[in-house]
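Subject: Structure handover

Hello,

Please find the structure below, followed by notes on what was found in it.

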Amino acid sequence: MPYNPTRALELLRIGTQNQTAFFREGQEDAIRHVVEGKGRLLVVQKTGWGKSFVYFIATKLLREQGGGPALLVSPLLALMRNQIAAAQRMGVRAVTINSENRDDWQDAESMLSQDVVDILLISPERLANEHFRAQVLPQMGARISLVVIDEAHCISDWGHDFRPHYRLIERIVRTLPQNVKLLGTTATANRRVLDDLKAVLGSDLTISRGELARPSLFLQTIRLPGQAERLAWLAETLTTLPGNGIIYTLTVRDAAQVAGWLKSRGHNVEAYTGDTGERRVELENSLLGNSVKALVATTALGMGFDKPDLAFVIHFQTPGSAVAYYQQVGRAGRALSSAYGVVLSGIEETRINDYFIESAFPSRKEVEEVLRALHSEPSGLSVPQLMARANVSYGRINKTLQLLSLETPSPIVKQDTKWVLTAANLAETFWERAERLTALRREEQKQMQAYVALEAGHMEFLVKALDGEPGAYQPPDLPPLPTTARPASVREAVAFLRRTSLPLEPRKQWPTGGLPQFAVKGYIAEEHRAEPGRVLCIWGDAGWGETVRLGKYTQGYFPDELVSACATLVQGWNPKPAPAWVTAVPSTRHPRLVPDFARRLAAALQIPFQQVLEKSDDRPEQKTMANGIKQALNIDGALAVAPGTTIPPGPVLLVDDMVDSRWTLTVAAWMLRSHGSGLVYPLALASTAHT
Amino acid sequence: MIPPLTPNSQAILLLTGPLIAGRNAAAVELLTPGEYNRFAKVLKELQRQPSDLLGQDVSGILEDCRKIVEPTRVKQLLDRGLLLSQAVDNWHARSIWVISRADPSYPKRLKSRLKEESPAILYGCGDLELLERGGLAVVGSRHVDDSLLEYTEGIGRLAANAGMTLVSGGARGIDQASMRGASLAGGSVVGVLSDSLQRAALARDNREGLLDGRLAMISPYDPAAGFNVGHAMQRNKLIYALADAALVVTSDFKKGGTWTGAVEQLDKLKFCPIFVRTGSEAGKGNEALIRRGASPWPEPKSSAMLKAAIENSASSLVREAWQEDLPLVMEAPLKNSYAPEQAPVEATSASTIANDENGERSDESAKLLLATVRSLLMTGLAKPATVDEVAAMLEVSKPQVKVWLGKLVESGDIEKLGRPLRYRAKRQ
C-alpha cells in the first residue's frame, strides 16, 4: 500500500502530543517499509526510542487504506498502558486479551467480529490457549494483515530470556505466508540472536539497528555478600540518592522483604512483582508520578515500562546475564543527563541464578515419568491425574508438558482437557538444545561476575557483550556511591530479618481424588480446617533459616533462641481466641526433635503441652515426594490419635519444624478438630516451599 | 519427518482449504474445485505460480483473473494467512503434514494415474514413502459379520507376509479389518481416509505403526472434517490409484460406495486389476462385478501364490489399458472431482507426464497425441494463426500449444512467421 508521509507525521504529532515532533532516525523508514509491504522487518532499538510508534502508525495507515487489523504479541502487555494511551490519541483502536482481563474478553471478541479493532494485543501464552485458538483466532486470523512480534529476541534460543511460548510464535511464523506483513522489535539482539531471527523470520529479513550505549548512565558495582549488609546499604543510600527509581531483586520473596525493610526504615517504597495483581497500574502510576521513592520489583516490572526521568536502577542481586542487565538498567536516565545504575552482588545470587538455570528444563527423569504415565493411558490424562501417577511436582509437570508440547514434532498434544501422546517421539535435539542453553546461561552468569569485578569501563563491557560498536564512553559527572554500610545499620537489618515471619494459609480442599484411607474428599468442612498460621523463616535464609537448618541436621536439637523467637512471634501474632495448649506433629525419624521444642515453647507461653497424635504407619519423608498430591497420599492413613488420649477442647497451637505442601498440617488439623479440639493454629519453623 | 510447507501449498490451501481451527471462520466462499481449475489455468497462461499470489503484484494478477473469480473474493481468501499458520500449527502438533501437487514429494502414483484429477492438497500422517510402493487394495462394506471380518484380517496377514503394502480406506468393517490384519502381522499399511484424519493421527492403535514407518494415512480433506458421503466416494479413486491390484471383499448390488468405486474402475479408470471374492456367500454385488470384467479372487494360500496372482493380472491389464487410454490431455475432466483439471505448477504437457513412473506407456500416448494434433493443424493452419488462435481452436492452454508448435516446427511440418508471431502449415 502507498505510504503517506504527511499523514504519518501528523499521527506522530498527535500521538506524542507535541506539535513540533519529528521522527527519530530510522522510525519513518521502518513505517514506510511496513506500509509498502517490502518484506519482513526487524527493528533493533533501545527502549524509549519509540518502537511502538512504528507499529501503531503503520497499523493506522494500513487501516485507513482498508487493510486488515494488526496482531501484536508481547510478553508483558500489562505494562503497555503508556503506549496504548498514545495509540488511542492517534485513533488506533487497540484491544488487549490477556489472562488478567478475563472480564473484558467477551466485549473484545464481539468488537473483533465487528471489525472495529485496529490492533489486538496478546501475550504469547494466549496463542497456546484453547479457547483463544478455537474461538477468537479463526475469526480474526482470517483478516490480519500485520503481525508484530514485540521483544522478538525471545524467539531466539540464544536470547537472554528465551520464553517457551515464543517457540509457538516461531512455529506460526515459519508457516505464515509472505503476504502477511511481519515486524519484529527488540531492544537487544547480539549477533547470535540476529542469526537465529534470520533463520526463523527469513533470510531476506531487513534489520534496522540503532546505537547501544547510554551515555547518561553512571554504572557501578559493589560486592556486599550478606543480605543484611545490602539491606543496610539500601536504607542508607536511599536517603541521599536524588530522584526516583527501581530496585530489582531476583525473587518475589526478596522483593517483599526488601520493601518491608525499607518501609520499616521510613522509606516510601512498594513491592512490585508477578503477585501484585490488580495493584500494578496504581503502583506504576505512583512511580511515574514520583509519589513513591522507588518500586522494589522483580523483572515483572520490565519491558515496556517507560519513565524518562527514572534516576536510578539498583540491583539487590546480580542478574543472570549482561543482556538482561542492559535492558533493566537501560530504563534509567532516558531523558536525564545523568542517572545511577548500580549492581549489588550478594552471596545468595549464585544459588538463585543456579536454580533458575537448573530448573529451566525438565530433567530426563521428569520427562520419562510424564511420558510413561501418558503412555499408560491411551485416552490421555489431565494434570491432576498426572500428578497422582508421576512423582513430579505440579510446577515441574506443567513445565514439562509445556516444553514438550512446544517441540516440533511434538510428542504430546492437548485434546480438550487431557494430554495425549502423538505419533512422534521426543527428538534427541530437545536435550541437545537444553544442554546448549544451560551452557550458555552458565557463560552469561560468569560474564556477569566479571562485570561485578570491574573497576571501570562498565558501559564498554556491556556494549561489547551485546556485540555493539566498540568505543570509549565518558560516564556522567556523578560521585560514586559508598561501597559499605555502617555496622549499626547492619545490626538493625539482622534484627529485622529475625522478626519477620511468613503467613501460612490453610488448605480448603482435599487433593483431587481425595484421601481414600481417611475417606475424605472434596471441600474440607470449615469446622475441620486449620486457621491461618505462621512460619518463622525461610529454610536457609539470613534470619533464622541457618539456625533451623543446623538444629535439624547437625545438632539434632532446636536451641532456646528459636524458642524465644517463636514465643515473640506468637505474642506479636496474637491469634484470637488465644491458644490454650500446644501439641506437635509426630515423626518416626526424629521422635523427640519437634515435641521437645514444642514443650519448651509451651513453657515459654505458659500453657500446657500435650502430645496427642502419633504416626500409625512408617512412610518415606515428605521431602522425597515431588508434588502436593503425592505428599497428600503419603500422609493418607499414616497419622492417628494415640490410643487412650483425650483431646483437650481449647484452641491449640500445632507445631512442626518444616512446611512445604501443608498436607501434614492440614491432615493433623482435621484429625484434631474432628476429635474435639478447638481452633488449630499451625506454626512451623521454616518453609521449604519454592515461590 | 514432516515435510515443510511450500509457498505454493500455502497459496493453494488459502484458496481451497477450509482451514478448520475450532469455530469455523467467517463465511468467505472457498474456490470450488472447478473454479480453482479454471483459475489455475489462467495463472499458468500468465506464466505465474500460485505462490505469486502471496507477492506484491497480487492485485495485477487478480485483475487478470477477473473473468474467472471476482478479485475481492480471492483477496479475502488470501487474507487468511494467520488462520492458515494456526491451522498448520494444529496439524503439525499432531504430526500431520500437508503437501500440494506442486511439491516434489507428492505421491507419483496419484499424479500419474489421476493426472489432473489428483487432489491439489493432500493431508497425511506417517511416512510418505509408503505411498510409492503400490500393494494390494482391499475394499468392502462397513457392515459385515464377524466371519467375514476374520476372513479379511487373513487377507491383510497374507499381504503382510508377502511383503506387500496393504491399501484401504480406514472405514469400519472391511477396511479396518484388512488394515488390522496386515498391521498385526508387521506389514505396511496405507489408509486413505475420507474424514477425521486428526483423530486417527492420535489414535493409540495407530501410534506404533506411524512411529515404525509401517503406517501412513492420507486424506484429501481437512483433518478436522467429519464424515461426508461424497468425500467417501471420491476417496475410492485414491485407494485404487495407490495399489497394484485391488480386492473387493463384498459389495452391494448397484448401490453403495464399494459398488460405485469398483464400477468406475472397471468401466472407465482401470487404474489396476480388480479381483472380487467369489463363492456361494459372495452375494449379488460381487457376481455382478465379475460379469462387468473383474477377476475372481483365486484365494491364494501363500505369499508366492498371492504375488503370482497379482503379477499375472497386472501384466494383462497394462496391455489392455494402453490401447484404450487415449487421448490424455484433451479428455473432458470427470465430474465431481476435488482436483483442478490442470495442475497449477507441474506441467501437464505430454512430455512431462512421460517422466512419470508409467513412462513408457505415456510416451507412446504422447506420440499418438502429437500425431493427432499434427493432422488437425495441417488443415487448421492452412492460413497463418497466432498461438492464441491455435489455443482457442484446440481449446487447450497456450503453454500446451507452444509445446506442440515447437515440436512441429522442429519436425518441419509447420513454419514460423514473424511480426506478429504466427504459425502456418508447410505445403507438402
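Which residues of helix 9 of chain A meet which residues of helix 19 of chain A? From helix 9 of chain A they are A:Gln227, A:Ala228, A:Glu229, A:Leu231, A:Ala232, A:Ala235 and A:Glu236, and from helix 19 of chain A they are A:Ser489, A:Val490, A:Ala493, A:Val494 and A:Leu497. Contact here means that the C-beta atoms of two residues, placed from the backbone, lie within 7 Å. Helices (H or I, at least four residues) and strands (E, at least two) are DSSP runs, numbered from the N terminus.

Before the rest, two notes on conventions. This is a predicted model, in which local features need pLDDT of at least 70 and side-chain atom pairs count only at pLDDT 80 or more, while totals for chains, interfaces and linings use all residues. Residues are numbered from 1 along each chain as its sequence is written, and chains are lettered from A and ligands numbered from 1 in the order in which they are written.

Helix pair in chain A

The axes of helix 9 (residues 227–240) and helix 19 of chain A come within 8 Å and cross at roughly 115 degrees. Axes are lines fitted to C-alpha atoms, for helices over the stretch in contact, and angles run from 0 to 180 degrees between N-to-C directions. The contact between helix 9 and helix 19 of chain A is made of 8 nonpolar, 2 polar and 2 charged residues. In this classing, Ala, Val, Leu, Ile, Met, Phe, Trp, Tyr, Cys and Pro count as nonpolar, Asp, Glu, Lys and Arg as charged, and the others, Gly among them, as polar.

Helix 21 of chain A

Helix 21 of chain A covers residues 560–573, 14 residues in number. From first C-alpha to last it reaches 20 Å, close to the 20 Å expected at 1.5 Å a residue (the expected span is 1.5 Å times one less than the number of residues). Its buried residues are A:Leu562, A:Ala565, A:Cys566, A:Leu569 and A:Val570. A residue is buried if 20 or more other C-beta atoms lie within 10 Å of its own, exposed if 12 or fewer, and partly exposed in between, with C-beta atoms placed from the backbone. Seen down the axis of helix 21 of chain A, the buried residues fall within an arc of 135 degrees, so they line one face of the helix; the arc is that of the directions from the helix axis to the C-beta atoms. A:Asp560, A:Glu561, A:Gln571 and A:Gly572 are exposed on the other side of helix 21 of chain A. The elements that cover its buried residues include helix 19 (487–498), helix 20 (545–555) and strand 17 (533–538) of chain A.

After helix 21 of chain A comes A:Asn574, with a positive phi near 55 degrees. In the loop between helix 21 and strand 18 (581–584) of chain A lies A:Pro577, and the peptide bond from A:Lys576 to A:Pro577 is cis, with omega near -10 degrees.

Other backbone points

Most residues other than glycine have a negative phi, and most peptide bonds are trans.

A:Glu151, not a glycine, has a positive phi of about 55 degrees. A:Glu151 sits in the loop between strand 5 (146–149) and helix 7 of chain A and is buried, with 25 C-beta neighbours inside 10 Å. A:Asn290 also has a positive phi, near 60 degrees, and is in the loop between helix 11 and strand 11 (294–297) of chain A. A:Asn290 is exposed, with 12 other C-beta atoms within 10 Å.

Chain B and the interface

Chain B has 18 helices and 11 strands, and 48% of its 428 residues are buried. The contact between the chains takes 35 residues from chain A and 40 residues from chain B. On the side of chain A that touches chain B, helix 6 of chain A gives the largest share, 6 residues. That side divides into 18 nonpolar, 14 polar and 3 charged residues.

Regards
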